[in-house]
Amino acid sequence: MPFPTIHVISDSVGETARAVAQAAAAQFGVKNPRVETFAKVKTFEQVRDHLLACEESHAKRYEDRKLLVFYTLVHAPLRDQVSTFIDGHDNIYGVDLLTAAIEAMAEVSGIEPSGSAGELRVADINYFHRVEALEFTLEHDDGRNPQDLHKADIVVLGVSRTSKTPLCIYLAQQGYHVANIPLDMHTTPPKELERVDKTRIFGLMSDPDVLAGIRKRRIGSAGTVAHSYADLEHVYEDLESARSFMRKLGCYVIRTDNRAVEETAQEILSLYLRTHEAPQEYLIA
């Protein structure tokens, strides 16, 4: 039997429900589930008519399977009406993705929710802060413009293929101004690093075998030309030279081998936030 279609209903654009649906489906080995979105709904009647039509169509195809509905409705009266409607239909399985989260935050914070749909996607000052952070990060990728290192929230160091650039882009999308400096045995790191607070500097390290494998895949058919780049002994020396510099510098050292960029970023941020405040846009996003 095919994997069920996931019906998304939202009074915004439905991206939150779609993301949750895709993440849940991935647990069943389904990386691209069929998601049908009914967005920007305004009234209960719209939702009711849509669900009745979906229910009728679904029943013709699957007699013994419930219609699966994920909904994110910020407007409380509408959400309550939809919830009551779904509860009254045994052949519809509804998942309310926002109520528990909103109620928990209201209870803990003591703040009443705004009830406005699409707040997450409003192009306000936070959006422009992130654009500025991304522009800064791209302008300071791979050692460029070292004179500005002291302006960065975070500086990342590492040898080639330790995921410096993807990591920096990810952090920039969270609102952080990030610069990265490549390290190798034949190049002297910029003296401007001395002006940077050491608690803002993060050195990336990797397992030599893992790194050598990544480099071999990177150079591909050019392996005979750039053999030393991926040679295990060279990789060991490259990493040891970088480790020695990081130790002398006194910065944090983070392992990146066999880790997702998101995992590395979270470790960096947990260390960074012990002594520094997050950018305001990150706090209120």
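Contact here means heavy atoms within 4.5 Å. Helices (H or I, at least four residues) and strands (E, at least two) are DSSP runs, numbered from the N terminus. This is a predicted model, in which local features need pLDDT of at least 70 and side-chain atom pairs count only at pLDDT 80 or more, while totals for chains, interfaces and linings use all residues. Residues are numbered from 1 along each chain as its sequence is written, and side-chain values use heavy atoms, with hydrogens and water left out.

**Ser 206**

Ser 206 sits in the loop between strand E7 (201-205) and helix H7 (208-219). Its relative accessible area is 4%, so Ser 206 is buried. The cut-offs are these: buried is under 20% relative accessible area, exposed is over 50%, and partly exposed is in between (1.4 Å probe, protein chains only). Setting aside neighbours within four places in sequence, Ser 206 is in contact with Thr 162, Leu 211, Leu 239, Arg 255, Thr 256 and Asp 257.

**Asp 141 and its loop**

Asp 141 belongs to the loop between helix H5 (125-139) and strand E5 (154-158). Asp 141 is buried but has no salt bridge. A salt bridge needs a side-chain nitrogen of Lys or Arg within 4 Å of a carboxyl oxygen of Asp or Glu. For charge, Lys and Arg count as positive and Asp and Glu as negative; His and the chain ends are not counted. The nearest side chain of opposite charge to Asp 141 is Arg 144, 4.4 Å away.

What joins the side chains of Asp 141 and Thr 165? A polar contact of 2.7 Å does. Such a contact is a pair of N or O atoms within 3.5 Å; within protein, one must be able to donate a hydrogen and the other to accept it, and residues adjacent in sequence count only if both atoms are side-chain atoms. Not counting residues up to four places away in sequence, Asp 141 touches Thr 165 and Asn 180.

Asp 142 also lies in the loop between H5 and E5. With a relative accessible area of 49%, Asp 142 is partly exposed. Its phi is near 60°, a positive value in a residue other than glycine. Lys 40 likewise has a positive phi, near 60°. Lys 40 is placed in the loop between strand E2 (35-38) and helix H2 (44-61). Most residues other than glycine have a negative phi.

**Helices H6 and H10**

The axes of H6 (residues 164-173) and H10 (residues 261-272) come within 9 Å and cross at roughly 65°. From H6, the contact uses Pro 166, Leu 167, Tyr 170 and Leu 171. From H10, the residues include Val 261, Glu 262, Ala 265 and Leu 269. Axes are lines fitted to C-alpha atoms, for helices over the stretch in contact, and angles run from 0 to 180 degrees between N-to-C directions.

**Salt bridges**

The whole structure holds 9 salt bridges.

| Pair | Closest N to O | Relative accessible area |
|---|---|---|
| Lys 151 and Asp 148 | 3.5 Å | Lys 151 52%, Asp 148 16% |
| Glu 240 and Arg 243 | 3.8 Å | Glu 240 41%, Arg 243 31% |

Glu 240 and Arg 243 are 3 residues apart in helix H9 (residues 232-249), so about one helical turn separates them.
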